[in-house]
Amino acid sequence: MDKEEIFLANLKDAKVNAEFNNRITLFRFLDLHEQELVKRYIGDSLNVYFSSGFNDGEYKRCIIAPFPINPDFKITILEVCYDKRFISLGHKNILGALMSLGIKRDVIGDIVFADNKYFVAVVSEMKDFLINEVKKENIRFSLEERENVNVSFSEEYETKLYFLASMRLDLCISQVYHLSRAESFDLISGGFVKLNHVLCQNPSKMLAANDVVSVRTKGRMKVFSIMEKTKSGKIKAMLGRL
């Protein structure tokens with residue numbers, strides 16, 4: 001089974017447990033596509049709650065309950081502590097370092113930069129492991145638990161106007177990441193690319209406004225707008241790189 005099939009099977013179990021066993025299910029962090037699957041599959045038949053741990057947020061934990069509850073999402077906010085005089089960190093560095101500890105992506109929620117600090121939401125069940133392993137592995141930063149963190153999730157994209165022959169996925173990736181079409185093709189066909197959080201292995205897939213593309217090891221890009229064609233037939237598109 002692929003990742004989506006496994007998630008749908010878990011979702012089915014959660015629904016059955018709520019309806020027939022009166023049990024509550026708490027999921028780890030879900031991406032936007034998984035959150036949509038929850039809304040589509042569960043609908044209004046049960047009580048569904050989401051939280052990212054921040055104001056707004058992309059990755060969210062989900063609770064499915066047979067009755068109304070005061071939800072406890074068991075989310076801990078950790079501050080990424082490092083010496084800014086000598087070290088420069090970004091979202092990709094932090095996520096990569098945490099993933100190198102052998103954890104799954106759903107243990108970590110959003111990584112937020114606010115007030116000149118980085119914060120990361122994690123499942124509370126794993127907070128001690130993450131704090132201790134980061135210290136043990138001599139990673140360039142440490143993690144410290146913080147309470148009452150009131151920051152908002154935001155993403156900052158570097159945007160640029162492109163003149164494209166088409167909105168093909170491989171062409172857009174080539175342009176944004178300065179790759180050859182062959183390199184883009186290999187990334188897509190090799191399973192390194194997600195479109196709107198779903199694996200996409202079709203290089204000729206046409207992108208639309210607000211589509212988000214994740215390229216493993218390269219980062220994330222977004223289609224902000226698609227404008228009219230130029231006289232020479234090129235498509236004007238505003239694309240952003242996270």
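The legends below describe close-up views of a predicted model.

Residues are numbered from 1 along each chain as its sequence is written, and side-chain values rest on heavy atoms, with hydrogens and water left out. Because the model is predicted, local features need pLDDT of at least 70 and side-chain atom pairs count only at pLDDT 80 or more, while totals for chains, interfaces and linings use all residues.

View A. Strands are DSSP runs of E with at least two residues, numbered from the N terminus, and two of them pair if DSSP finds at least two bridges between them. Strand β6 (residues 117-123) has six of its seven residues buried, so it is largely enclosed by the rest of the structure; buried means under 20% relative accessible area, exposed over 50% and partly exposed in between, with a 1.4 Å probe and protein chains only. Six bridges connect β6 with strand β4 (residues 75-81) in the antiparallel sense, and Glu79 has Phe119 of β6 as its bridge partner.

**View B. The β5-β6 hairpin.** Strand β5 (residues 108-114) runs antiparallel to β6 and is joined to it by five bridges. Two residues lie between these strands in the hairpin, and Asp115 in the turn has a positive phi of about 55°.

**View C. Phe113 and Tyr118.** Phe113 stands opposite Tyr118 in β6; Phe113 is partly exposed at 40% relative accessibility, whereas Tyr118 is buried at 12%.

**View D. Charges over rings.** A charge sits over a ring if NZ of Lys or CZ of Arg is within 6 Å of the ring centre and within 35 degrees of the ring normal. The charged end of Lys84 is placed in this way over Tyr82, 4.8 Å from the ring centre, and Arg105 lies over the face of Tyr59 at 4.2 Å from the ring centre.

Note on methods:
Helix = DSSP H or I, 4+ residues; strand = E, 2+ residues; numbered from the N terminus.
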